[in-house]
Amino acid sequence: MRVAGVGAYTPRFRLAGDAVADALGQFHARGVEAVAVPDADEDALTMAAEAAQRALDAAGVDPDAVDALHLASTSLPYDEEAGTGRLRSLLGLPENVASAQFGGSTDAGGAALAAALDGGGGADTVLVVASDAPQGADDEALGHAAGAGAGALVVARDGPGRVAGRASQTATYPGTRFRERGQTETTGLDVTSYDRQAYRETLAGAVGELDVSGVDAAALQAPDGDLPYRSAGALGVNPEAVAAGSVVEGVGDAGAASAFLGLADALREDDTDEVLLATYGSGAASHAFRLVCERDVPVRAALGSDQTLSFAAARRRRGDFDSGTPAGGGAYVSVPSYRRTLAARQRLVAGRCRACGALQFPPEGACPDCSATDGYEDAPLRRRGVVETATTISQGGAPPEFAAQQARSGEYASAIVAFGAQGGGDREVSVPLQVVLAGDDDTPGIRDEVVAVPRVLYDQEGVRRYGAKGLPADARRR
Amino acid sequence: MRDAYVVGAGQTDFGSFPDESYRSLFATAVEHALGSADGLTREDVDEAVVGTLGVGGRQLGLSGPAVTEHAGLSVPTTRVENACAASGYAVRNAVQAVKSGMADVVLAGGYEVMTDASGDATKYWLGVSGETEWERLTGATFAGTYAQMARAYLDEHDDATVEDLSRVAVKNHANGSQNPHAQLQFGCSLEDATEAATVADPLTLYHCCPTTDGAAAVLVASEDVVAESELDAARIAGVGAASDRVGLFERDTYTAIPASERAAEAAYEMAGVGPDDVDFAEVHDCFAIAELLAYEDLGFCGRGEAPELLREGVTDRDGDLPVNVSGGLKSKGHPIGATGAGQIVELWTQLTGRAGDRQLDDPDVGLAHNVGGSGGAAVVTILAAPRSEGQR
């Protein structure tokens, strides 16, 4: 099995270490200048979808062609209920896709990749996705370093990336980093030399099995921007190689996605021929891979951003300053009703009337053009559309189901956006879409372009609903 | 088919009444309606049609009998739900019952209590008439959907400005300040309206109607009943109704309400009149943009000409075609289920010369225009004054 393409995504907001130091009087994340902050309507699954879509685009692989999905994370929205089910629908993978979920520690990404390379249960094309947004206390280094991001690899029979060697290690180091059942914040005993030993020895156990003398870049697990460099010697790589495979300085600790983000960053450089990818997780376990690029491995990565938030704005997005979804009821769309519309709601699959061929959205009910009730053929829409009309819902004016999001992210736009069908041709259809605004974004103007992205709509009765939202086209990072 | 007449009409004050219930409000409106129809009593009423959205939940099931029995009307009662057009449709159903001969006297009315719920619950209920599965899940509000229409209108018509939206508020507040039944009995300036806090861009607070408690009721009777009485009877010359897709995004235009156009067309045809024959109108101005669209949808002017009509004072109370002399939804208030019947109350009051200080100069033909949601339903009713019919 080979690596056919790589995708990566980080949220567009950054919280600078200086801003944390100003607010809290301390910032203990070594080697971290800023951390990525998910928007209020992003979570590990929406980030996973963003990265996975980029990997598929980079590899030129159609979602229909994926026959195994491996998802790695330590921060999925549900402790129980497969996240792969949600991710499958966000991406439009076939229902007969084999799936596996990896968690338990930040080594999950490496474990997911190793399982894919083992043949993914006989699969020809495996989509491996690692996505994470760890959280920690405001008075602990782990909390200061906590960032976010997702990386994805398309592993297939053919591809320019050859895995020339791999190894893994499982050691026993309790207490370095853990989260008890039901908790949201990860912590550790902070026994400095013990923690460093656990990282160094466990990683070295795997990396030591490989010939890494020729690597241009070492994409190492990076809980901060210090540990990878401190351990470089023990791993047999030089600091320049570590730097070439690291994004932790500007993204923070991306948990299970950490090394994947470093890999994507390294592969963006044309002269990268050989990369060490090494994941590590507390407990402790590690996986190491030597990737040889026989040709350039295609990458699509949204890694950088200069859109910074104040400390308060970052914590507001996390939900620290609001009381959550208010009582009083919200628009009630039952879960079965929501499920019936996933293709249209998440992937903008419109329909062509079986009687008259007119493009319609949503594809349900009698055809507005010919009144026939013959049903519709699937007609996926393009991701980029044009605003027909829009308004900004002022702060405090959101309906209850969007009140928490508005309190966290600020005002959003409610728009009607015209999208054409993929493959072009005939007319466009009008799709109601929330447009995510950020910073100084104005209400999108009529005729402005927006791009559909996967986001959380809202939670109701404990069940999260995902759907497409719009992002102003100029705010969309490739 | 025989003719139907409005022979009595009454309403509560519109406002916020913590000491009243939806039942007591409705009973008060019924009292006023019966009191206005000399000689008619509860026993003469054959049937009732009641409009309500049911804001707050309350008695969602059997909400019709819940109010008619409380008001002492033990007659077959039907509840009509068409969002803000509920009681406009209730009046239409009453007309159908009378014209068909199944009933001689029908009470048509509506009620809503909107000001007693928590802020969050109110925000929930105010959105229930938007299209729920798609439009609402963009975080759209009721004001937001009309704001999208306003945005599209201002974009389409270079001449139209936000000040034109404010002019609707200025005019309707001026009218409402004279109406003792109105909720917001104060005037506002162009500056007040334009510079008020934004609710949903470009709509400010003054471009939006308030939430309101209130009830209204009208008595619809047959020509046979009228012939044998001394009732002040305004003939229901025409009534037209139309439905459309509930979501704005599902319609071909965002700068017109096609259901209003079709309802008006049907009402004009039935009445044998045209827009030029209308002397005054009560139109559905839930948001300022809605009044501008109404001028065009009802044929009072061409597309894009509504701002000019307004600026020239044509629709002022002393203009050629006064619109919303009651204050409209903007100033009189908008108790959702009562609004349509409340418009008929104003028409009948003016056409029978009962408006006192607010009386228009001998109007012959009045038009009421009532819209549900952002245009999923509309009903237009045309009433003719008794004297224009050759009665007393």
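Student: Which residue in β19(A) stands opposite I416(A)?
Tutor: This is a predicted model, in which local features need pLDDT of at least 70 and side-chain atom pairs count only at pLDDT 80 or more, while totals for chains, interfaces and linings use all residues. Residues are numbered from 1 along each chain as its sequence is written, and chains are lettered from A and ligands numbered from 1 in the order in which they are written. Strand β18 (residues 412-420) of chain A pairs with strand β19 (residues 428-435) of chain A in the antiparallel sense over eight bridges, where two strands pair if DSSP finds at least two bridges between them, and helices (H or I, at least four residues) and strands (E, at least two) are DSSP runs, numbered from the N terminus. In this pairing, the residue opposite I416(A) is P432(A).

Student: Which residue in β18(A) stands opposite I393(A)?
Tutor: Strand β17 (residues 384-393) of chain A also pairs with β18(A), in the antiparallel sense and over seven bridges. Within β18(A), I393(A) faces Y412(A).

Student: Why is β18(A) described as largely enclosed by the rest of the structure?
Tutor: A residue is buried if 20 or more other C-beta atoms, placed from the backbone, lie within 10 Å of its own, exposed if 12 or fewer do, and partly exposed in between. Strand β18(A) is largely enclosed because, of its nine residues, the number that are buried is seven.

Student: What is the order of the strands in the open sheet of three strands in chain A?
Tutor: Strand β14 (residues 349-353) of chain A runs antiparallel to β16(A), and five bridges join them, with R352(A) opposite E377(A). The edge strands, each pairing on one side only, are β15 (359-360) and β16 (376-380) of chain A. The pairing in this sheet is antiparallel, and the order is β15-β14-β16.

Student: Are the residues on the two faces of β10(B) buried or exposed?
Tutor: In a regular strand, side chains alternate between the two faces of the sheet. On one side of β10(B) stand V365(B), L367(B), H369(B) and V371(B), and on the other G366(B), A368(B), N370(B) and G372(B). Both faces are covered, for these residues are all buried.

Student: Which residue in the turn between β10(B) and β11(B) has a positive phi?
Tutor: Eight bridges join β10(B) to strand β11 (residues 377-384) of chain B, and the two run antiparallel. They form a hairpin with four residues between them, and the turn residue with a positive phi, about 60°, is G373(B).

Student: At what angle do α3(B) and α13(B) pack?
Tutor: Helix α13 (residues 339-351) of chain B is mostly covered, as 13 of its 13 residues are buried. Residues of helix α3 (residues 86-100) of chain B, including A86(B) and Y89(B), meet residues of α13(B), among them T339(B) and I344(B). Axes are lines fitted to C-alpha atoms, for helices over the stretch in contact, and angles run from 0 to 180 degrees between N-to-C directions. The axes of these two helices are 5 Å apart, and their angle is about 65°.

Student: Which element gives the most to the side of chain B that touches chain A?
Tutor: Two residues are in contact if their C-beta atoms, placed from the backbone, lie within 7 Å, and the contact takes 31 residues from chain B and 35 residues from chain A. On the side of chain B, α4 (119-126), α5 (142-156) and β5 (198-200) each supply at least two residues. With six residues, the element that gives the most is α5(B).
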